[in-house]
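Thank you for making time for this today. Please have a look at the sequence and the model first, and then I will walk you through them.

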Amino acid sequence: MHIVGIGSPFGFDQLGWLVIERIRGDGARRLFGLGDAELSALDRPGAGLLAAIGDSHAAILVDAIEDDALRRGTVVCLDGHRLQHGSGHASSHGLGLAEALALGRALDGLPARLAVVGMAAGGEGSRAPSVAEVEQVCAAVVETARCWQMSGGAPNG
């Protein structure tokens with residue numbers, strides 16, 4: 001499994017990177033049950049994302065999201081195979097994530113299991129995520145991984 005934090009060093013957009021840092025932290029992999037997961041942080045989605053996850057059987061993408069209908073701190077877990085531009089849940093990077101996944105689908109280059117775990121910035125994108133918000137997203141990542149393990153290998157289960 002590959003877990004990719006998508007982000008930048010600015011405001012709430014740090015979320016994906018902070019989640020990866022937390023999982024990499026001393027003892028955190030064991031604590032979260034993600035000992036063999038490959039972890040990486042990307043500055044922007046796009047073609048680099050496809051190169052990063054293309055050889056993986058399963059990938060979880062972690063990103064801050066913008067959705068005017070969601071209150072800050074709302075965690076959203078989406079099937080990455082079904083994420084469409086205009087779904088209402090846009091990456092804080094604009095259209096990059098949905099477009100990258102659409103390209104991956106067209107090229108048949110996506111992992112069999114693909115989830116997007118995001119948290120809404122709630123119009124407060126200039127304020128960095130709190131420790132509690134990062135922990136909340138880590139819990140959602142772990143829950144996604146556990147569900148996949150319990151479902152025994154069926155894609156997008």
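I will go from the cores to a few single residues, then to the largest pocket, and end with the cysteines.

Before that, a word on the basis: this is a predicted model, in which local features need pLDDT of at least 70 and side-chain atom pairs count only at pLDDT 80 or more, while totals for chains, interfaces and linings use all residues. Residues are numbered from 1 along each chain as its sequence is written, and side-chain values use heavy atoms, with hydrogens and water left out.

Let me begin with the inside. In soluble globular proteins, nonpolar side chains tend to be buried together. Here the largest nonpolar core has 27 residues, and those with the most contacts inside it are Ile3, Ile23, Leu34 and Val141. By nonpolar core I mean a set of buried Ala, Val, Leu, Ile, Met, Phe, Trp, Tyr and Cys residues joined through side-chain atoms within 4.5 Å, where buried stands for under 20% relative accessible area, exposed for over 50%, and partly exposed for what is in between, with a 1.4 Å probe and protein chains only. The elements giving two or more residues to this core are α1 (15-24), α2 (28-32), β3 (58-66), β6 (113-120) and α5 (131-151), and the largest share, eight residues, comes from α5. Helices (H or I, at least four residues) and strands (E, at least two) are DSSP runs, numbered from the N terminus. Apart from this core lies another one, of 15 residues, among them Val4, Leu83, Leu101 and Leu114.

Is histidine 2 buried or exposed? Histidine 2 counts as buried, because its relative accessibility is 2%. A polar atom of its side chain lies 3.2 Å from the backbone oxygen of alanine 52. Not counting residues up to four places away in sequence, histidine 2 touches, with contact meaning heavy atoms within 4.5 Å, residues including Glu38, Ala52, Ser56 and Ile60.

Now to strand β6, where glycine 118 has its place. Glycine 118 is buried, because its relative accessibility is 1%. Although glycine 118 and valine 75 are 43 residues apart along the chain, their C-alpha atoms are separated by 5.7 Å. The loop between β6 and α5 holds proline 129, which counts as buried at 11% relative accessibility. Leaving aside neighbours within four places in sequence, proline 129 is in contact with Gly11, Phe12, Gln14, Leu15, Leu18, Arg72 and Val134.

In helix α4, residues 96-106, Gly96, Leu97, Ala98, Ala100, Leu101 and Gly104 are buried, and just after α4, aspartate 108 takes a positive phi of about 55 degrees.

Which residues line the largest pocket? They are Met1, Gly33, Leu34, Asp36, His57, Ala58, Arg113, Ala145, Trp148 and Gln149, and the largest share of the lining, three residues, comes from α5.

Finally, the cysteines: the structure holds zero disulfides, a disulfide being a pair of cysteine sulfur atoms within 2.5 Å. For cysteine 77, the nearest cysteine sulfur, that of cysteine 147, is 9.0 Å away. Cysteine 77 counts as partly exposed at 46% relative accessibility, whereas cysteine 138, at 0%, counts as buried.

How values were computed: A polar contact is a pair of N or O atoms within 3.5 Å; within protein, one must be able to donate a hydrogen and the other to accept it, and residues adjacent in sequence count only if both atoms are side-chain atoms. On a 1 Å grid over the protein atoms alone, a cavity is a set of points where a 1.4 Å probe fits but cannot get out, and a pocket is an open set with protein on both sides within 12 Å along at least five of seven lines; lining residues have an atom within 4 Å of a point.
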